[in-house]
Each structure stands twice: as C-alpha cells, then as structure tokens.
Amino acid sequence: MCLAMPMKIDKIDGQTASCEAGGLFQDIRIDFIRDAKPGDYVMVHAGFAIEKMSEKEALENLELLEEIKNAL
C-alpha cells in the first residue's frame, strides 16, 4: 500500500522542491503543480507533488497520520 503525505515546500529549484513534514525532509518533483512556491503545502505521493492544499488541510492530515502512528 502506498500513502500520500502532506509536506511543506521549503525551497524550489526548477521542477524540484525541498519539502518537510514532521521532521522528514525530502526532495520531490513539482511538475504537476502550477505556481508552486515556498511555504505551500502539497500532497506528495511516490516523490511527486500531486495536489496543492491549504495549511489547515495539511495540518489536519498530519495530525491524523500521527494518531494512526500512535495507535500502532
């Protein structure tokens, strides 16, 4: 099973963005996202940003993932 995860863009270099979520840092591709900029939250799947999301949506998703982790 694959899981998409919300991440916050820190910096962008061409079509690659450095992102962070919960202490995890990852370089991702942003080919599918228009007008991506540092500070944006994106849903990341398999190393690609697949959707832009609001900060509220991202934080709610991260909180849910944390609850799932703690339940296991």
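Me: Which strand holds S18?
Reply: S18 sits in strand β2. Strands are DSSP runs of E, at least two residues, and helices are runs of H or I, at least four, numbered from the N terminus. This is a predicted model, where local features need pLDDT of at least 70, side-chain atom pairs count only at pLDDT 80 or more, and totals for chains, interfaces and linings use all residues. Residues are numbered from 1 along each chain as its sequence is written, and side-chain values use heavy atoms, with hydrogens and water left out.

Me: Does S18 count as buried or exposed?
Reply: Buried means under 20% relative accessible area, exposed over 50%, partly exposed in between (1.4 Å probe, protein chains only). S18 counts as buried because its relative accessibility is 19%.

Me: What is S18 in contact with, leaving aside its neighbours within four places in sequence?
Reply: Contact means heavy atoms within 4.5 Å. With those neighbours left aside, S18 is in contact with K8, I9, D10, K11, Q26 and D27.

Me: Which residues make up the largest nonpolar core?
Reply: In soluble globular proteins, nonpolar side chains tend to be buried together. A nonpolar core is a set of buried Ala, Val, Leu, Ile, Met, Phe, Trp, Tyr and Cys residues joined through side-chain atoms within 4.5 Å. Here the largest has 12 residues: M7, I9, A17, C19, A21, I28, I30, I33, A36, V42, V44 and A49. β2 gives the most, three residues.

Me: What does I33 touch, leaving aside its neighbours within four places in sequence?
Reply: Beyond those neighbours, I33 is in contact with A49, I50, E51 and K52.
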